[in-house]
Amino acid sequence: MARAPFELAGVKVMPGNRIQIDVPVARLYTHAPLHIPVEVVHGRQQGPILLVCGGIHGDEINGVEIVRRLLRSKQIQGLRGTLVAVPIVNVFGFMQHTRYLPDRRDLNRCFPGSESGSLGGRVAALFREQIVDHATHIIDLHTGAIHRTNLPQIRAQLSPGSETERMANAFGAPVILNAELREGSLRHYAQNRGIPVLTYEAGEALRFDEWAITPGVRGVLRVMRRLGMLTGEHRRRLPPAAELANGSSWARAPIDGILRPKVRLGARVAKGEMLGKVADPFGNAEEAVTSMADGIVIGMSRLPLANEGEALFHIARFDEIEEAENAVEGFHSSLEPPPDSLY
């Protein structure tokens, strides 16, 4: 029995074809049309419909490059099912190098949206209706916020034996956070509809971090293989098993001043250990930033200037801290140059 065409935004994609579709989203002040770019790869054989999207926050651009490399990978030839690839969701923010929409709303707090609401609500509703609601599985690509960087990590709402847990384990990031759903986020909307969804966090806003992009491409391909969307054997050595964090918290600036970090991203730290020092420009007032628990540094500020109370170091806690440290070290050692087939 022949597979049916895949339809998106009024465009039909026949089995075995791939088409780029510009989904109309709004008009600029100049009346020039603005579109969300989408590429659909519709396989000849039945399978999942996987949505891979980046740029919900317009300044988080590592995901844009992950999607580009994914679409150029030879591994997706002969795909089973359907890949819906959206490199830039928040096209407004992407053009302005900002996280937000022009109305200063965070698009990832606007779902499910409203056709008669704010600009954020309207863009969320359009993206949901035209694209998200087609998906059976979702991978949402993010980075740290401006002036913050994240160790590659998966955030998901996990339950034992669930499809989401299997996807998270297949991805191959060194750390998995069993993260609560945030109301208004794409993950909240999708999970409540029964769509398994992963959020991949890695790197820094407005940067191309190769150590975040390469594992992101490989992780998406591993999930696709886990879902039965890719044929052939996986010849690359698998990364060490990810460790599940049982919680996380931020170490904050004790005073206003200039931060001098003493630990790196991915470092193992002990409760009470000094993570850095904050001092005024003259060095008259100086206080240490200390870890509130044993754990791994999974996020940190890149801006040396800190106000009192500002989040500086994100510490994830683990039941088996040595296994978590080994997973991070194994992840770093696996980052050899990517093969030509990824480009």
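With which residue does arginine 99 form a salt bridge, and how far apart are the closest N and O atoms? Arginine 99 pairs with glutamate 60, and the closest N and O atoms are 3.2 Å apart, a salt bridge being a side-chain nitrogen of Lys or Arg within 4 Å of a carboxyl oxygen of Asp or Glu.

## Basis of the model

This is a predicted model, in which local features need pLDDT of at least 70 and side-chain atom pairs count only at pLDDT 80 or more, while totals for chains, interfaces and linings use all residues. Residues are numbered from 1 along each chain as its sequence is written, and side-chain values use heavy atoms, with hydrogens and water left out.

## Salt bridges

A search of the whole structure finds 16 salt bridges. In the one named at the outset, arginine 99 lies in the loop between helix 2 and helix 3 and glutamate 60 in the loop between strand 5 (45-54) and helix 1 (62-72), so the pair ties together parts that are 39 residues apart in sequence; helices (H or I, at least four residues) and strands (E, at least two) are DSSP runs, numbered from the N terminus. Glutamate 60 counts as buried at 2% relative accessibility, where buried means under 20% relative accessible area, exposed over 50%, and partly exposed in between (1.4 Å probe, protein chains only).

The side chains of arginine 18 and glutamate 39 also meet in a salt bridge, at 2.7 Å from N to O. Because arginine 18 lies in strand 3 (residues 17-27) and glutamate 39 in strand 4 (residues 33-42), this pair ties together parts that are 21 residues apart in sequence. Arginine 18 is partly exposed, with a relative accessible area of 39%, whereas glutamate 39, at 10%, counts as buried. Between arginine 268 and glutamate 325 the closest N and O atoms of a further salt bridge are 3.0 Å apart; arginine 268 belongs to strand 14 (residues 268-269) and glutamate 325 to helix 7 (residues 321-333), so parts 57 residues apart in sequence are tied together. Both residues count as partly exposed, arginine 268 at 35% relative accessibility and glutamate 325 at 24%. Salt bridges that share partners join Glu65, Arg68, Arg69 and Glu210 into one network.

## Aromatic rings

Two aromatic pairs are found in a search of the whole structure, the criterion being that rings of Phe, Tyr and Trp (its six-membered ring) pair if their centres lie within 6.5 Å, with planes under 30 degrees apart counted as stacked, over 60 as edge-to-face and the rest as tilted. The rings of phenylalanine 111 and phenylalanine 127 have centres 6.3 Å apart and planes at 65°, so this pair is edge-to-face. Phenylalanine 111 sits in the loop between helix 2 (91-96) and helix 3 (119-130), and phenylalanine 127, 16 residues away, in helix 3; both residues are buried.

Phenylalanine 171 and tyrosine 200 form a tilted pair, 4.8 Å centre to centre with 35° between the planes. Phenylalanine 171 lies in helix 4 (residues 163-171) and tyrosine 200 in strand 10 (residues 197-204), so the pair ties together parts that are 29 residues apart in sequence. Phenylalanine 171 is buried, with a relative accessible area of 1%, and tyrosine 200 is likewise buried, with a relative accessible area of 1%.

## Nonpolar core

The largest nonpolar core has 38 residues, and those with the most contacts inside it are Leu51, Val86 and Phe127; such a core is a set of buried Ala, Val, Leu, Ile, Met, Phe, Trp, Tyr and Cys residues joined through side-chain atoms within 4.5 Å. Strand 4 gives the most to this core, with four residues.

The 17 residues of helix 6 (residues 210-226) should span 24 Å at 1.5 Å a residue, and the end C-alpha atoms are 24 Å apart, which agrees; the expected span is 1.5 Å times one less than the number of residues. Just after helix 6, glycine 228 takes a positive phi of about 80°.

Four strands form an open antiparallel sheet in the order 16-15-13-18, where two strands pair if DSSP finds at least two bridges between them. Strand 16 and strand 18 (305-306) stand at the edges with a single partner strand each, so one side of each is left without a neighbour in the sheet. Strand 15 (residues 274-279) and strand 16 (residues 286-290) pair over five bridges, with methionine 274 opposite threonine 290.
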